Amino acid sequence: MKDSARAVVIGGGVVGASVLYHLARIGWRELMLLEKSELTSGSTWHAAGGMHTFNGEANISRLQKYTIDLYREIERLSGQSCGLHPNGGLMLAATEGELDSLKLICSRARYLGMETEMLSLGQALQLNPLIDPQYFIGALWRADGGHCDPSGTTNAYVKAARQLGAAIERFTRVKSLAQRRDGSWDVVTDKGTVHAEHVVNCAGLWAREVGRMVGIELPVLAMEHHYLITEDLPELDGREQEIVNTTDYAGEIYLRQERRGVLIGTYEPHGIPWAPVKTPDDFAMQLLPEDTERLAPYFEVGFKHFPALGRVGIRKAVNGPFTFAPDGNPLVGPVRGLRNYWVACAVMAGFSQGGGIGLVLSRWMAENDPGQDIISMDVARFGAFATPKYTSIKVPENYARRFRLAYPNEELPAARPVRRSPIYQQLKAAGACMGANYGLENALWFAPAGMAPTETPTYRRSEAFPIVRAECHAVRSAVGLYETSNYGKYEVVGRGARAWLDRVFSSRLPRPGRLALAPMLNPAGRIVGDLTIACLADDRYLIFGSGFAEEFHLRWFWQADPPPDVWVRSLASTLNGFSIAGPRSRELLERLVRIDLSAHAFRLFQVRETAVGFAPSVLNRAGFTGELGYEIWTTPDYFATLYDELLEAGRDLGLTHFGGRALSSLRLEKGYGSFQKDFRPDYTPGETGLERFVDFDKGDFVGRAAALAERASGPKRRFVVMEVAAPDADVIGYESIMKDGTAVGYVTSGAFGHCVGKSLAAGYVPTALARDGARFEIDILGEMRAATVRLEPLYDPRGLKLRS
């Protein structure tokens, strides 16, 4: 075994093998994979090998298609068969809600270029004759998918990587990791020490343990998972093609053909965590004891929905552990504070996602950019709130919902509430229906007296629709209060703060007493942040952004290498806030401050430190509603008092609570985009319209060269807001935007604009088509709805109310 490497990949499952191959393919040499036992010996060897492109996140769906398409390439390069059975995928719906879900998937697939079709039950039976149609009302078919041989696929990656010069060391246990001062690593094994520039944790069941070697606790937990393999089925005799891999939403069942029998698995309620504290060192090529008595009721549902399975015996039962993150998506990327330490773990769907993860991680390591937005599987989507207790509660919830619908208006209850602001109980008493953002409870809407703050999960408009409408009208006509504690909040201080921020952000920095909208770009000139900077002094700045992206942005600031005279810290738990918005907001605040709030004295984007009632505060004139508005920031010890004072001061002014749903409606009426929904690392300043906030005349900043190149050539697509002729359902996200029968763009977000009386959709279309009044169609739950581009905001297009 060599004693040095450019990168050491820890873990010889399908994910580690893919990362190794992709690093070799991108041109890296001196690569080494370390596996403590035999390749595939953790979870990979006993996996069912299913592969599909179904995912609620478009970019992950693209990566899954890449993974499936890659298998032919690595077969050709390695000479090793992957045992491919590319027979496609079938999803069955038993309720109208499930059918709406399938229609949404079908709409999204058009722009992604994936062959997908809604089927009748008769058509579905041709693909899988085992279905009992009495339990279903519709189906979706997708061409991409099937299953593969787990061992063959892993070894194909490994052989292809070895041909490119990579080394594989089996039966080599990593005992510890130690970082040198230059950021490189000493990887201590039972066969000697390897000095590596980079370390990649692909340790699967042992990812937590490899994380603990460097002082981190990754939010990963293994769950027992069962599947059965039946004896041969007479119904499959004589078929020239295998049945299509099938998912049964209602039964929480998946199945595929296995020779002349069927493999059937379930994600049952009340699943059993495995090795919740520490994974045994000697666990290799092992299965867990069968638990068929506990699982019998769930498999019986499968035997009822697919009756032929119940008429034959069981050839084999498999119970093996697989790892999950709290939300079911992988954990991928660099870890803040640990230079050259990377993770690619909690990849439950390894044969659907492993190739794509290898692709983006190899780009990230080689080019400091994954090449596309992957925040939905970025390890930075979890912060300190994702403790072992949180993970131990959230993972079983996600496991049990693996094949249940995730409705866009549904809030899951496990591990809540975890983070609460000082006014959580007061908001609940006011009727708040709560959601969770980065573990922090935040109000979505407020139920009036006599109505429970609960909502029926649906893809269509719910009973909250008229409540949100009333909140919107209250803001536009009088004054509303919204808690902003769920925003991301950071403080940057020090003598070198201004110079450093000037390089990190593409905008012109505000002078003291002002704030500015501030796009942040990566070197490729794509949006990694849409933030607001408030300058309190030349050496003190507050930065506000999206709360869910806190760890993502903290990592970005850390990677931007602040000089010794600059300090960056999160204010997530030390600063709370309110937004006061509406034509009477000035009148309300004037009752609590002793400064002049008149339009000429305290102008838009002005900020200052002042007392608001009892509370020492940072007060700025800004907001996200398009109305005259203010944001008030204070420390947690004053926050409840400030809330009480605001309520009292606004009592006779019509002060109304409003939540996140109303905010989404109000901001779309103004044409405002939102980070991660509309603005993300897939898009550029020119495409998003954020180019107007980029200061090309200042000195160099991250992404400047790429942004200048785009400015010269022009953006290929544009962010637009459209009004949609949608009577009962609004867009959710990623629906295809159609022009003359062709998918030309896709939706990023949407809501009903209650104060303009229009259903609104935001998204991207080709620049040549982004004209005011341009007409398109959007497939909303199987119905083509007319959509018209509106380049001017539908509400207050001249911004007079905002500046009043």
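Me: What lies over the face of Y795, and how far from the ring centre?

Reply: That's R476, at 3.7 Å from the ring centre. A charge sits over a ring here if NZ of Lys or CZ of Arg is within 6 Å of the ring centre and within 35 degrees of the ring normal.

Me: And which ring has the charged end of K36 over it?

Reply: The ring of W206, with the charged end 4.0 Å from its centre.

Me: What should I know about the model itself?

Reply: It's predicted: local features need pLDDT of at least 70, side-chain atom pairs count only at pLDDT 80 or more, and totals for chains, interfaces and linings use all residues. Residues are numbered from 1 along each chain as its sequence is written, and side-chain values use heavy atoms, with hydrogens and water left out.

Me: OK, ring on ring. How many aromatic pairs are there?

Reply: The structure has 32. Rings of Phe, Tyr and Trp (its six-membered ring) pair if their centres lie within 6.5 Å; planes under 30 degrees apart are stacked, over 60 edge-to-face, and the rest tilted.

Me: Why is the F136 and F306 pair called tilted?

Reply: The ring centres of F136 and F306 are 6.3 Å apart and the planes are at 40°, so the pair counts as tilted. F136 is in the loop between α4 (121-127) and β6 (138-142), F306 in the loop between α7 (292-305) and β17 (314-324), so the pair ties together parts 170 residues apart in sequence. Helices (H or I, at least four residues) and strands (E, at least two) are DSSP runs, numbered from the N terminus.

Me: Is F306 buried or exposed?

Reply: F306 counts as buried, at 0% relative accessibility. Buried means under 20% relative accessible area, exposed over 50%, partly exposed in between (1.4 Å probe, protein chains only).

Me: Switching topic: which residues touch the most other members in the largest nonpolar core?

Reply: V19, Y71 and L361, out of 62 residues. Helix α1 (residues 14-25) gives the largest share of this core, eight residues. A nonpolar core is a set of buried Ala, Val, Leu, Ile, Met, Phe, Trp, Tyr and Cys residues joined through side-chain atoms within 4.5 Å.

Me: Last one: how do β24 and β25 run?

Reply: Antiparallel, with eight bridges joining β24 to β25 (residues 527-537); strands pair if DSSP finds at least two bridges between them. They form a hairpin with five residues between them, and G525 in the turn has a positive phi of about 80°.
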